[in-house]
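Hi,

Here's the structure I said I'd pass on to you. Have a look at it first, then read my notes below.

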Amino acid sequence: VPMVAPGNVQVHVINSTLAKVHWDPVPLKTVRGHLQGYKVYYWKVQSLSRRSRRHVEKKILTFRGNKTFGMLPGLEPYSSYKLNVRVVNGKGEGPASPDKVFKTPEGVPSSPSFLKITNPTLDSLTLEWGSPTHPNGILTSYVLKFQPINNTHELGPLVEIRIPANESSLILKNLNYSTRYKFYFNAQTSVGSGSQITEEAVTIMDE
């Protein structure tokens, strides 16, 4: 098997899900056989917005021939990763380079995990929601938009409310009675808005 590990391993983080890794080629005489390529082992150490991860799944990408760089796609935003590089010949892999740590920046969050509308009265509705399964960063706020829908399914004026990120419920007051409303709800990080969840609910007709 090869005798030495690739040196001078560098990681350039391109965005929240993509990084580029490059390394110096090993001297050909240390390959001790036919150079097949380089393998990059990489794994997520932790999410920076959550406590811990028990199961660490190592991923491997193989770059054929004498390439000295490669792309690592499909990374998770706002996470800490480690990687190392090994050279490969027909017999197997050489030793691993020292582990290199890198961090991905924040991304936009996934949609809130649920939106539930309860307790209809003449002029109010109660909204409850769950935080996104993948915050992909530090949540800065939630954005709620809603508008009335009339009997011919025409949409009325859109109202927008920004809600602090630590809230999980809201009572909407001063609504019209016996009216159907459509709600659009998403979470935000400093990078931008995540995908929205939609729901409809009706205020009651009379007490």
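Is Ser141 buried or exposed? Its relative accessibility is 6%, and because anything under 20% counts as buried, Ser141 is buried. Keep in mind that this is a predicted model.

What does Ser141 touch, leaving aside residues up to four places away in sequence? There's a run of Arg162, Ile163, Pro164 and Ala165, plus Asn186, Ala187 and Gln188. With Arg162 there's also a polar contact, side chain to side chain, at 3.3 Å.

Next, find the open sheet made of 4 strands, ordered S4-S3-S6-S7 with antiparallel pairing. At its edges are strand S4 (59-64) and strand S7 (100-103), each of which pairs on one side only. Going from one strand to the next, the twist averages 25 degrees. Inside that order, strand S3 (residues 37-47) and strand S6 (residues 79-88) are joined by 10 bridges. If you want one to look for, Trp43 has Lys82 in S6 as its bridge partner.

Now zoom out. The protein has 14 strands and 1 helix. Its radius of gyration is 26 Å, while the globule rule gives 17 Å for 207 residues, so the protein is more spread out than a compact globule. The C-alpha trace spans about 85 × 35 × 25 Å along its principal axes. Buried residues make up 39% of the 207. As for the accessible surface, that's about 11,500 Å², with 51% belonging to carbon and sulfur atoms.

Cheers

Technical notes. Residues numbered from 1 in each chain as written. Predicted model: local features only at pLDDT ≥ 70, side-chain atom pairs only at ≥ 80, totals over all residues. Heavy atoms only, no water. Buried < 20%, exposed > 50% of the residue type's maximum accessible area, 1.4 Å probe, protein only. Polar contact = N/O pair within 3.5 Å; in protein donor to acceptor, adjacent residues only side chain to side chain. Contact = heavy atoms within 4.5 Å. Pairing = 2+ DSSP bridges. Helix = DSSP H or I, 4+ residues; strand = E, 2+ residues; numbered from the N terminus. Axes fitted to C-alpha atoms, helices over the stretch in contact; angles between N-to-C directions. Rg over C-alpha atoms; globule rule 2.2 N^0.38 Å. Areas by Shrake-Rupley, 256 points an atom, 1.4 Å probe, with all protein chains shown as cover.
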